[in-house]
Amino acid sequence: MGSEDKYRSFIYGDGEKNTQWRFGSPPNYDVVNKLFEEGRTNEWAKGSLEEKVQRLVKTFEMEIFHKSNPEDFKIINSTKFRFSLNGGKELTIQEIGKIGGSYNAFLQTKLPKELRIYDPQQETFTTSHELFTTVFPRGFALEILEVLSGLPRIVYKFRHWGFMEGPFKGHAPTGEKVEVYGMSIFHVDEGMRVEKVEFFYDPSQLLSGFLKGLLTESSASTTSASCPFFSAGGTH
């Protein structure tokens with residue numbers, strides 16, 4: 001497993017021999033790559049703007065989720081980097097770390113605590129990673145649907161999808177596809193390193209898919225009274 005991933009850069013090779021990996025070793029994307037190839041709606045020509053942007057975004061997601069030391073980032077300009085979700089507060093790499101990592105940054109919410117199926121304030125790097133690798137054992141694939149603007153301010157539409165083949169916080173697996181659509185703006189420097197990202201999407205697209213799984217009896221007794229979403233959770 002020494003060669004580069006088909007769709008991502010900066011995982012293997014001499015340049016990564018001292019990289020600090022959050023979960024102990026470089027990530028293996030073979031399974032999610034298969035899911036991606038089976039479910040994508042476009043196969044972008046190698047060297048096309050869409051293919052280049054898709055590799056950029058996949059590499060960005062790999063680094064921000066899996067590299068624990070910002071000094072090991074190759075595609076992210078860690079000193080200038082800022083992240084925002086739906087026009088909210090901009091976060092630095094250090095601030096993303098303080099709130100428990102990338103999943104929590106992508107799933108920020110203003111919902112009252114009692115209505116949260118996923119509470120970013122209660123999850124860590126480790127618990128969120130375990131949660132989503134359990135619910136999506138084949139991964140959560142990403143494709144670029146359309147590139148609306150090129151360098152240095154890349155605007156694109158994206159689609160994420162996976163199959164709920166594992167449980168999620170007391171909800172049984174459904175086996176159904178869970179899809180998320182959105183738009184993002186990547187600001188890159190002259191070296192093609194990402195300085196700023198702005199994501200625009202509705203996190204409930206993701207979380208509502210998990211509510212379709214039937215609640216186990218123990219979970220239902222403790223949560224159904226406090227969360228109105230659960231009234232329809234096991235029936236649609």
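Gly97 is partly exposed, because its relative accessible area is 34% (buried means under 20%, exposed over 50% and partly exposed in between, with a 1.4 Å probe and protein chains only). The structure is a predicted model, in which local features need pLDDT of at least 70, side-chain atom pairs count only at pLDDT 80 or more, and totals for chains, interfaces and linings use all residues. Residues are numbered from 1 along each chain as its sequence is written, and side-chain values use heavy atoms, with hydrogens and water left out.

**Overall architecture**

- The protein contains seven helices and five strands; helices (H or I, at least four residues) and strands (E, at least two) are DSSP runs numbered from the N terminus.
- Read from the N terminus, the order of elements is α-α-β-α-α-α-β-β-β-β-α-α.
- The radius of gyration is 18 Å, which agrees with the value near 18 Å for a compact globule of 236 residues; this radius is taken over C-alpha atoms, and the globule rule is 2.2 Å times the number of residues to the power 0.38.
- The C-alpha trace spans about 55 × 35 × 35 Å along its principal axes.
- Of the contacts between residues at least 6 apart in sequence, 59% join residues at least 24 apart, where contact means heavy atoms within 4.5 Å.

**Surface and charge**

- Buried residues account for 45% of the 236 residues.
- The protein exposes about 11800 Å², of which carbon and sulfur atoms supply 53%; accessible areas come from the Shrake-Rupley method with a 1.4 Å probe, and for residues only the protein chains shown count as cover.
- The mean positions of the 28 positive and 31 negative charges are 2 Å apart. Lys and Arg count as positive and Asp and Glu as negative, while His and the chain ends are not counted; the charge is placed at NZ of Lys, CZ of Arg, CG of Asp or CD of Glu.

**Aromatic pairs**

- The whole structure holds 21 aromatic pairs; rings of Phe, Tyr and Trp (its six-membered ring) pair if their centres lie within 6.5 Å, and planes under 30 degrees apart count as stacked, over 60 as edge-to-face and the rest as tilted.
- Tyr103 and Phe132 form a stacked pair, because their ring centres are 4.8 Å apart and their planes meet at 10°. This pair links distant parts of the chain, with Tyr103 in helix 4 (residues 102-106) and Phe132 in helix 5 (residues 125-135), 29 residues apart.
- Phe132 counts as buried at 6% relative accessibility. Phe132 also pairs with Phe210, with ring centres 6.2 Å apart and planes at 50°, so this pair is tilted.
- The pair of Phe132 in helix 5 and Phe210 in helix 6 (residues 204-210) spans 78 residues of the chain. Phe210 is buried, with a relative accessible area of 0%.

**Backbone features in loops**

- The peptide bond from Leu151 to Pro152 is cis, with omega near 0°; Pro152 lies in the loop between strand 2 (141-149) and strand 3 (153-163).
- Asn86, in the loop between strand 1 (82-85) and helix 3, has a positive phi of about 55° although it is not a glycine. Asn86 is partly exposed at 41% relative accessibility.
- Lys169, in the loop between strand 3 and strand 4 (177-188), has a positive phi of about 45° although it is not a glycine. Lys169 is partly exposed at 39% relative accessibility.

**Individual positions**

- Gly97 lies in helix 3 (residues 93-98).
- Gln20 lies in the segment before helix 1 (30-39) and is partly exposed at 42%.
- Beyond its neighbours within four places in sequence, Gln20 contacts His66, Lys67, Ser68, Asn69 and Asp72.
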